[in-house]
Amino acid sequence: MNVLPYGDHAVLVEPADESAVLAMRDWLVAQRYPGIVAVVPAARTVLVEVDPATLPVLRLRQLLADAVPSRPETTAGDELVELPVRYDGADLAAVAEQVGITTDELISLHSEAEYTVRFCGFSPGFGYLSGLHPRLRLPRLASPRPTVPAGSVAIADEFTAVYPRATPGGWRLLGSTEVALFDLSREPPAVLVPGIRVRFVPR
Amino acid sequence: MIEVLATGPLATVQDLGRFGYQYLGVARSGAADLRAHRLANRLVGNAETAATIEITSGGLAVRLSTTATIALAGAPCPGAPGWQVAVTVPAGCRFALGPAESGLRSYLAVRGGIAVEPVLGSRATDLLSGLGPPVLAVGTQLAIGTDTAGSPAGEPAPAPAPSTAPVRVLPGPRTDWFTDPAELFDRSWTVQPDSNRIGVRLAGIPLRRSRPGELPPEPMLPGAIQVPPSGQPIVLFRDAPVTGGYPVIGVLPAAELDRIGQLRPGDQLRFRPVPA
């Protein structure tokens, strides 16, 4: 595990194994160290932000060196969310052709997998889901669309995602869901919270 | 009630920011120059959680429908009833700010705070995600709240001396992605016109990266200096997304961010390293 510098009120924890990122985040949150104000996971790293008046970064580094397991146990049994999807995305046919399969096979490959929300970013409630079939790994579009409709189910690199609201975007669009993914009247407001398991159900 | 008669280039409601939802992709947001925002609140005797109006490059005009105690701080603008001092103005009072004389952002605090509905615990407008109240427009009516914590200050606050010292930078997590990370400190950087609350874009002799491409998405913080393949750095600012894929060469100490909030397009900027 590396602890990388990140200014005067945070450090970046990089577990030796990327599959340990979520477990590391859960472990850090569970410790309830006074002074840690945010624990934010991403693809390979976890940001730990502190209130330096309570917990200076130097103390945080000692704490992490002394206490953090290098390979925390993976937490299992998180909630499963099923999202009904209409596979009618603008890039469905092009993706199938590029990968060398039919659109039906593409829909099967995408909907038969079980995904895990690894982290959120880009916009509120935009979860990066791991578990995409390796055959479907394609880079982002060379030029992003100025607007991707809310509810678009899309793929890029090793991830699949759903756009919670209409934003510009460069992911390849496979379909759409009507489920509202970011709703301020709920707590937490996002459906796709890190750690949640997800299945896409064709309709 | 405060009625907006003119907005200038951009005016938003801001407070200390939105905390606790970064893991869901929600930006921190909050006043660009927190020091000036806090000062304006303190002058009118507001709680530190009270919201103010963030004015970008002056140009705001308002009419107050009730007697109110107000204070302005940050980038000085002509046309104000007072600067860095609490002033009680009568019902029907109106004033129009001219362009900022120096700096970029000013804060208008009203005793009681701006009473827009909080979103995820904050009244700040996040320009990237659209969370929080809409950007102020001509005709916007803002209610005045009850977010006070003491009496208005009797004395004006001294004007802070503008600092011309290089901006301090702590080492970032990905200095190993650069041929020579010290290049950041060797050069003078010019603030670009497309800078905003999301990021302050700089131009100068490009930083040389020792690795091409992008990282898998990594957590980002306001003050992180991100370097895209062009080698032209971007200082991520209050409304920056919580993850990004460009390597971070350095990170500003939190206190230096207020200065970033006062930079105008065309301003020259230098950095100086401070040890971790």
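Student: Okay, what percentage of the 203 residues of chain A count as buried?

Tutor: In chain A, 41% of the 203 residues count as buried. Buried takes 20 or more other C-beta atoms within 10 Å of a residue's own, exposed takes 12 or fewer, and partly exposed is in between, with C-beta atoms placed from the backbone. Keep in mind that this is a predicted model, where local features need pLDDT of at least 70, side-chain atom pairs count only at pLDDT 80 or more, and totals for chains, interfaces and linings use all residues. Residues are numbered from 1 along each chain as its sequence is written, while chains are lettered from A and ligands numbered from 1 in the order in which they are written.

Student: How many helices and strands are there in chain A?

Tutor: Chain A has 4 helices and 13 strands. Those are DSSP runs numbered from the N terminus: helices are H or I with at least four residues, strands are E with at least two.

Student: Switching to the interface: how many residues does the contact take from chain A and from chain B?

Tutor: Chain A gives 33 residues and chain B gives 28. Contact here puts the two C-beta atoms, placed from the backbone, within 7 Å.

Student: Which strand of chain A gives the largest share of the side that touches chain B?

Tutor: Strand 3 of chain A, with 5 residues. By class, that side of chain A has 25 nonpolar, 6 polar and 2 charged residues. Ala, Val, Leu, Ile, Met, Phe, Trp, Tyr, Cys and Pro count as nonpolar, Asp, Glu, Lys and Arg as charged, and the others, Gly among them, as polar.

Student: What about phi of A:Phe122?

Tutor: Phi of A:Phe122 is near 70°, a positive value in a residue other than glycine. Most residues other than glycine have a negative phi, and most peptide bonds are trans. A:Phe122 is in the loop between strand 6 (115-120) and strand 7 (127-130) of chain A.

Student: Is A:Phe122 buried or exposed?

Tutor: Buried, because 22 other C-beta atoms lie within 10 Å of A:Phe122. B:Ser29 also has a positive phi, near 60°, and B:Ser29 counts as buried with 31 C-beta neighbours inside 10 Å.

Student: Now B:Glu101: buried or exposed?

Tutor: B:Glu101 counts as exposed, because there are 10 C-beta neighbours inside 10 Å. B:Glu101 is in the loop between strand 7 (94-96) and strand 8 (105-110) of chain B.

Student: What does B:Glu101 touch?

Tutor: Not counting residues up to four places away in sequence, B:Glu101 touches B:Pro76, B:Cys77 and B:Pro78. B:Ala75 is 26 residues from B:Glu101 in sequence and 7.0 Å away in space, C-alpha to C-alpha.
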